[in-house]
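Hi there,

Here is the structure I promised to hand over.

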Amino acid sequence: MTNRYTRRTAIGLGAGALAAAALSREGLAQAIPRQDVQAPRLPIESGAQLRVIRPARFVEPDEVIFRENAQKFSQQFNVPVRVDFVGWEDIRPQTAVTANTGTGPDVVLGWADDPHIYADKLIELSDVAEYLGRRYGGWMFLAEKYGKRHATNNWIGIPFGGTTGPIVYRISAVREAGFQSIPDDLGEFLRLCQALKRLNKPAGFALGNAVGDGNGFANWMTWAHGAYLVDEEGKIAINSRQTLDALNYVKELYQTFVPGTLSWLDPSNNRAYAAQECWLTANGISLYYALKNDPNTRAIAEDTDHAPLPKGRVDQPPQSATILNAMVFRHTRFPNAAKAFIQFMMESEQYDPWLTGCLGYWSHSLRNYSRSAVWDSDPKLGPYRNGMNHPFWSGYKGPITAASGTVNSEYIMVQMYASVASGQATPEQAVREAERRARRIYR
Amino acid sequence: MSVTAAPSWSRARQEPGWLARVFDSKPFLIVACLFPAVGLLMVFLTYPLGLGIWLAFTDTRIGRSGQWVGLENFEYLMGDPTFWTAVFYSVFYTAVATVGKFALGLWLALLLNNHLPFKSLIRAIILLPWIVPTVLSAIAFWWIYDPQFSIISYVFVDVLGLRDRYFDFLGSAWPARFSLIAANIWRGIPFVAICLLAGLQTISPSLYEAALLDGATPWQRFTRITVPLLMPILAIVMTFSIIFTFTDFQLVYAITRGGPVNSTHLMATLAFQRGIAGQELAEGAAIAVAMIPFLVFATLFSYFALARRKWQQGESND
């Protein structure tokens, strides 16, 4: 696969992702295969103007290119667009206020569950979603999961992309520990971490109240052991043999961690990794991006590689994604303009430069973007390419509701593991406590 | 002169217009003058407070208006160990931090009350921890307590070689609790010290001179003159300090987010965590409402303490 695209790789990102994206924007857009499909008829309302909110950037090009694309839409369709970037923790309350008051932005790029919480207040986006799906080879698994209303074929959200946190590791340390790659078997993975600990190059995963990293680790451990929080009907099913296995496993794995992971918040593992205190962790692409762009840490970036989370007892990497999900509220006066905006942003002329500029920070949601030059620009980005295609979601295996989001923001799963790792609770106590709390949220 | 002037004066007097009459009427003036204040209080204090209390008895979530559920939220909280940990830690945090702040603050105030070179400059510098936005000092403490990058660990392990492992300040319950209390004390000392310093300066030096002539020891001067005369201001400052500490939010939220495993949640952070981040608005409101009795107690304590003249003016003055 990689060989077929050497030419583009060569144009590509040797000279820095952003510059390349700006220079060869049109060229890159050609590369994404797409079908000529009749676009939905969306006559723009006269006098239309749009207000869009989305979460703040994590990497700079995310904002720069997004704004450029919105600007392009303004010029082509003569619709003024104002994009506001909102703090990650503020966008949920803002979406809630928008939904409840019936005023506010026309297009909200919120978090994954939001369209499902406000499903009755949204405009159906099936025409845009089906058009985009046919044009770009279909939607990735998580995109379909989060785009469609539960158990229907009606699209209420258009997932723009998602960030995932696979394993980030130092190649040299893992080699020194006697491994060529990150093993998929959990027993082997434990042995790898033990060997790293002996080398004084320990692994570390957040067990503190870290929304992204902490929940990512907890979900991984749960799913990799074949356990899940709720069943298909949304009934709490965490109290199982498999969860106890997972807790006992983490108890052992925790012994190999760098000290202090119980108090780690989201940025902690990035700092520890960059300071060479921690040699294996799980994180989004932003860590690699930051290391690569700073001359002082470029050597660390060169010694860094990524690997999917070890699968354990399941057959796909047990990983979900933090998804950027676009929705249009019924109260908008310009529904066609809003839909056209979303569609425009997802077309390859706009989407591919954005994807490329972000260096894969938001993994794509439409299948054909797997061919984007960005994924071949650096072989180390491999695990992020399929970020949206893992068959696990927050609140797996249940329907997507507000409750799964609350379980994450209440750190119920993280604290279940943390209390066992710290010795405060036995696995049985911890799982019963998690069950009790989850019951309350899913009531 | 006066005979001719009087009638012309009474003729010049006109009946006051309706506006003037309205402004002369006492009931109207009372209403007009109180209205802005009452209006502001209603809009910005009573309404939010009332709404908060109302929410506590519903099952509102962010994005969904709730229904009246009576005491269900409180019943759940009664059986929720996390809530009780937060109540315990709020009280413990307030008690220990207040004692610490007052012991050190009083000491600092006594030191500053002496004649020192650059007195005003030093006093200004002392205020710095209090002036710095809490979030900034919290982030500084977050670094100080970081498991990998702590300056304290660095000094002990890498410079002095007294330990071979870094301190794990925030990794387990009790060290994390005391670390946060230490940060809170650091932040609170200046407020206490400056207020008590103001109190100390109102004590007349002649009292100390008289005591000196009578042969009082420094300890006697402190317990018999300084402490009784400082009592009124001490009571006020302590009330404020208790309320500020009890409702503290930023330090905990920035440094631990209530972790490890909820052991450092204060009621305020738990209310935010459940209500906003967790979207269970009603439950968050119930936790906030549960703080009210504690705060009312602190206020009543100050009210009665301040109303007692014994406290203010010494034992025998009834």
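A definition to begin with: helices (H or I, at least four residues) and strands (E, at least two) are DSSP runs, numbered from the N terminus. This is a predicted model, in which local features need pLDDT of at least 70, side-chain atom pairs count only at pLDDT 80 or more, and totals for chains, interfaces and linings use all residues. Residues are numbered from 1 along each chain as its sequence is written, while chains are lettered from A and ligands numbered from 1 in the order in which they are written.

**Two chains**

Chain A has 22 helices and nine strands. Along the principal axes, its C-alpha atoms fill a box of roughly 65 × 55 × 30 Å. Its radius of gyration (taken over C-alpha atoms; the globule rule is 2.2 Å times the number of residues to the power 0.38) is 22 Å, which agrees with the value near 22 Å for a compact globule of 443 residues. Of those 443 residues, 56% count as buried. Here a residue is buried if 20 or more other C-beta atoms lie within 10 Å of its own, exposed if 12 or fewer, and partly exposed in between, with C-beta atoms placed from the backbone.

Chain B comes to 16 helices and zero strands. The radius of gyration of chain B is 28 Å, well over the 20 Å that the globule rule gives for 318 residues, so chain B is more spread out than a compact globule. Its C-alpha trace spans about 105 × 75 × 40 Å along the principal axes, and buried residues make up 32% of the 318.

For contacts, two residues count if their C-beta atoms, placed from the backbone, lie within 7 Å. Looking at contacts with a separation of 6 or more, residues 24 or more positions apart account for 76% in chain A and for 67% in chain B.

**Where the chains meet**

The contact takes 28 residues from chain A and 25 residues from chain B. On the side of chain A that touches chain B, the elements giving two or more residues are α5 (91-101), α13 (268-274), α20 (402-409) and α21 (412-421). The residues of that side divide into 12 nonpolar, 12 polar and four charged.

**Annotated spans in chain B**

An unreviewed UniProt entry lists "transmembrane region" for several stretches of chain B, including residues 28-57 and 86-112. UniProt positions are given in the numbering used here, feature names are shortened, and annotations may be inferred rather than shown by experiment. In the model, residues 28-57 of chain B are 97% helix and 0% strand, with end C-alpha atoms 39 Å apart. Residues 86-112 of chain B are 100% helix and 0% strand, and there the end C-alpha atoms lie 37 Å apart.

**A helix with a buried side**

Helix α22 (residues 427-441) of chain A has 15 residues and reaches 21 Å from its first C-alpha to its last, close to the 21 Å expected at 1.5 Å a residue; the expected span is 1.5 Å times one less than the number of residues. Which residues of α22(A) are buried? They are A:P427, A:A430, A:V431, A:A434, A:R437, A:A438 and A:I441. These cover an arc of only 130° around the axis, which puts them on the same side of α22(A); the arc is that of the directions from the helix axis to the C-beta atoms. Turned away from the buried side are the exposed residues A:E428 and A:R439. What covers the buried residues of α22(A) includes α12 (241-254), α20 and α21 of chain A.

**Backbone points to check out**

Most residues other than glycine have a negative phi, and most peptide bonds are trans. A cis peptide bond joins A:Y396 and A:K397, with omega about 0°, and A:K397 lies in the loop between α19 (382-385) and α20 of chain A. In chain B, phi is near 65° for B:N262, which lies in the loop between α13 (250-255) and α14 (267-277). B:N262 counts as buried, with 25 C-beta neighbours inside 10 Å. Phi of B:Q279 is near 65° too, and B:Q279 lies in the loop between α14 and α15 (281-307) of chain B.

Best wishes

Notes:
Nonpolar A, V, L, I, M, F, W, Y, C, P; charged D, E, K, R; others polar.
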